[in-house]
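Work through the exercises below with the sequence and the coordinates open. Each task is followed by a solution in steps.

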Amino acid sequence: MSFVVGLTGGIGSGKSTVADLFSALGAAIVDTDVISRELTAENGVAMPKISAEFGPDVVLANGALSRTAMRQLVFSDASAKSRLEAILHPLIRSVSEASCAAATTAPYIMLVVPLLVESRAYRTQVQRILVVDCDEETQVSRVVARSGLSHDEARAIMAAQASRAERLAAADDVILNNADRAALDSQTRLFDQRYRALAASL
């Protein structure tokens, strides 16, 4: 049995950066955001169902999902989010489970799930929950800087996610990402040693 750590955090917290650091240390990374993008890319497995459910307005000329159109639809139509999730989430879980099962040579697996706290389905797949945490102003500034969204749009996305307090309450471990890269490197190395030891004890 593989030792699986669930990595999560709010938008703009730095999950991808932390996952990259763990990858560099030898962990196997299974990222549900990456899986979601693959499923909704050109010729993606989920696209026929999404097109049938939402129509051509959310599909780009190359057949991939228009993330901008879908984001606008989700914010304007309360049911659109649950309908999209009903298509994507079972597919993402299936691929992530298969990817975890295939990662037999790594010391442990880092399963990156942005909505881990919100989605109980992944709780049974992980032995630990690692939360990447930062203050909310830092989250907003990072999201605005990287995506071009407005402050209000960034805060709307944050409001739709679990609160910072809810994530911290669910955490077994926490990495603070308010400081510089050196501090992040140091914390990641310490947790890497801990997870290797826990995995070896299985």
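**Exercise 1. Partners of β1**

Find which residue in β3 is the bridge partner of Val4, and describe how β1 pairs with β3 and with β4.

Solution. The model is a predicted one.
Step 1. Val4 has Ile109 as its bridge partner in β3.
Step 2. The pairing of β1 with β3 is parallel and runs over four bridges.
Step 3. With β4 (residues 128-133), strand β1 (residues 4-8) also pairs in the parallel sense, over four bridges. Here Gly6 has Ile129 as its bridge partner in β4.

**Exercise 2. The whole sheet**

Determine the order of the strands in the sheet and state which strands stand at the edges.

Solution. 
Step 1. The sheet is open and made of five strands, ordered β2-β3-β1-β4-β5, with parallel pairing.
Step 2. The edges are β2 (28-31) and β5 (173-176); each has a single partner strand, so one side of each lacks a neighbour in the sheet.
Step 3. From one strand to the next, the twist averages 25°.
Step 4. Helix α1 (residues 15-24) packs on this sheet and touches β1, β2, β3 (109-112), β4 and β5. The direction of α1 makes about 150° with that of β1.
Step 5. Helix α2 (residues 32-39) packs on the sheet as well, touching β2 and β3, and its direction makes about 55° with that of β2.

**Exercise 3. Ala28 and Ile129**

Classify Ala28 and Ile129 as buried or exposed, and list their contacts beyond four places in sequence.

Solution. 
Step 1. Ala28 is found in strand β2. Its relative accessible area is 16%, which is under the 20% limit, so Ala28 is buried.
Step 2. Beyond its sequence neighbours, Ala28 is in contact with Ala103, Ala106, Tyr108, Ile109 and Met110. Of these, Ala103 is 75 residues away in sequence, yet the C-alpha atoms of Ala28 and Ala103 are 6.5 Å apart.
Step 3. Ile129 belongs to strand β4 and has 6% relative accessibility, so Ile129 counts as buried.
Step 4. Ile129 touches Gly6, Thr8, Leu116, Arg123, Ala170, Ala171, Asp172 and Asp173. Phe3 is 126 residues from Ile129 in sequence and 12 Å from it in space, C-alpha to C-alpha.

**Exercise 4. The nonpolar cores**

Identify the residues with the most contacts inside the largest nonpolar core and the element that gives the most to this core.

Solution. 
Step 1. The largest nonpolar core has 28 residues, and those with the most contacts inside it are Ile50, Phe54, Met70, Leu88, Ile109 and Leu111.
Step 2. Two or more residues of this core come from each of β2, α2, α3 (47-54), α5 (78-102), β3 and β4.
Step 3. The most is given by α5, with six residues.
Step 4. A second, separate core has 18 residues, including Val18, Ala19, Ala27 and Tyr108.
Step 5. For Ile109, the contacts beyond four places in sequence are Ser2, Phe3, Val4, Val5, Ala28, Val30, Cys100 and Ala103.

**Exercise 5. Two loop residues**

Locate Gln161 and Asn43, and say whether each is buried or exposed.

Solution. 
Step 1. Gln161 is in the loop between α7 (151-160) and α8 (164-170). With a relative accessible area of 17%, Gln161 is buried.
Step 2. A polar atom of the Gln161 side chain lies 3.1 Å from the backbone nitrogen of Ile11. Beyond its sequence neighbours, Gln161 is in contact with Gly10, Ile11, Leu115, Glu118 and Arg167.
Step 3. Asn43 is in the loop between α2 and α3 and is exposed, at 74% relative accessibility.
Step 4. Most residues other than glycine have a negative phi. Asn43, which is not glycine, has a positive phi near 65°.

Definitions and conventions:
Residues are numbered from 1 along each chain as its sequence is written. This is a predicted model: local features need pLDDT of at least 70, side-chain atom pairs count only at pLDDT 80 or more; totals for chains, interfaces and linings use all residues. Side-chain values use heavy atoms; hydrogens and water are left out. Two strands pair if DSSP finds at least two bridges between them. Axes are lines fitted to C-alpha atoms, for helices over the stretch in contact, and angles run from 0 to 180 degrees between N-to-C directions. Contact means heavy atoms within 4.5 Å. Buried means under 20% relative accessible area, exposed over 50%, partly exposed in between (1.4 Å probe, protein chains only). A nonpolar core is a set of buried Ala, Val, Leu, Ile, Met, Phe, Trp, Tyr and Cys residues joined through side-chain atoms within 4.5 Å. A polar contact is a pair of N or O atoms within 3.5 Å; within protein, one must be able to donate a hydrogen and the other to accept it, and residues adjacent in sequence count only if both atoms are side-chain atoms.
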